[in-house]
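User: Please take a close look at one part of this model, the ligand site, and go through it in a connected way. Give the cut-offs behind each term as you use it.

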Amino acid sequence: MADILERMAELLYEGEDEEVAALVQQALDEGLEPNTILQDGLIAGMDVVGRDFKAGDLFVPEVLIAARAMHAGMDVLRPLLAESDTMGIGTFVIGTVQGDLHDIGKNLVGMMLEGAGFNVVDLGTDVKPQDFVAAVQAHHPDLIGMSALLTTTMVNMRATVEALTEAGLRDSVKIMIGGAPVTAAFAEDIGVDAFAPDAASAVDIARGMIN
Ligand code: B1M
């Protein structure tokens, strides 16, 4: 039983999407629980990806390829996880702020979070403060995450925090920000809960906040 999950994690690391999907199906056919496959196969594999990315042993393209394999496995599991209500260790709403179209880093963060077991709601790019507010009202997330790659759009992170405060929702959700020009000092200045410099750190910090 453990062998199939170890192999699944290895194949995920190598980005073998079709093999990962086939192995997830085989594990189900052999009677393994969907949540066991998620935790000990797919998430275990993404954990190693995150660790090696943080250490500089893997680069963005390799992480994206591994994330694609994770998605292939998730596609097989998702209907069963939804049925058994074991989907997600927490809900994370993510988006790139208003005026900003950069989404490669945001997608990477979203995929790594999903790989870590979060239920990720991706609002896309150019997300207005009011759209973040509406998403918090609709999805009741544990965390929201904002990404910005332009110094000129960082102001919309502050505007989003203000919109959440005005809507009376600021205390109901933790907020994380990131993106190349964003700093921990800026995060403190606008009153959010966390800054993550990269996708692997975003996962570690989000996990810590959930616990
Ligand atoms: Co643009 N761009 N771009 N661009 N672009 C930059 C960001 C820039 C630094 C290039 C430069 O001038 N040297 C510069 C910004 C300068 C500044 O303001 N500081 C710039 C500019 C000026 C522009 C335009 C204004 C250019 C123009 O039209 N004159 C324009 C703006 C469009 C808009 O958004 N309104 C523009 C457009 C574009 C493209 C559309 C062509 C394309 C985006 C494609 C896409 O995303 N789908 C693009 C790209 C690709 C870049 C560069 C080359 C690469 C960005 C990237 O994807 N990096 C970039 C220059 C560079 O960085 N070398 C540049 C890889 C990615 C994995 O890293 O996004 O930093 P990053 O994400 C990291 C971390 O930051 C962190 O984790 C990720 C993974 O570890 N992270 C988070 C990110 N979000 C997080 C959220 C979190 C936590 C961590 O919590 C929620």
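Analyst: Residues are classed here as nonpolar (Ala, Val, Leu, Ile, Met, Phe, Trp, Tyr, Cys and Pro), charged (Asp, Glu, Lys and Arg) or polar (the others, Gly among them). The model is predicted, so local features need pLDDT of at least 70 and side-chain atom pairs count only at pLDDT 80 or more, while totals for chains, interfaces and linings use all residues. Numbering runs from 1 along each chain as its sequence is written, and side-chain values use heavy atoms, with hydrogens and water left out.

By these classes, the shell around the ligand holds 15 nonpolar, 8 polar and 3 charged residues. In total 26 residues surround the ligand, the closest being L101, H102, D103, S147 and T151, where a residue counts if one of its heavy atoms lies within 4 Å. The cobalt atom of the ligand has H102 as its only protein donor, through NE2 at 2.2 Å; donors are N, O and S atoms within 2.8 Å of the metal (3.2 Å for Na, K and Ca), and sites may look incomplete without water. H102 sits in the loop that runs between β1 (91–96) and α5 (104–115), with helices (H or I, at least four residues) and strands (E, at least two) taken as DSSP runs numbered from the N terminus.

Several N and O atoms also come together at this site. A polar side-chain atom of H102 is 2.8 Å from a nitrogen atom of the ligand, and an N or O atom in the side chain of S147 likewise lies 2.8 Å from a ligand nitrogen. The backbone contributes through L101, where a polar atom is 2.6 Å from an oxygen atom of the ligand.

Turning to the elements, α5, β3 (143–147) and β4 (174–178) each give at least two residues to the shell around the ligand, and the largest share, 4 residues, comes from α5.

Technical notes. A polar contact is a pair of N or O atoms within 3.5 Å; within protein, one must be able to donate a hydrogen and the other to accept it, and residues adjacent in sequence count only if both atoms are side-chain atoms.
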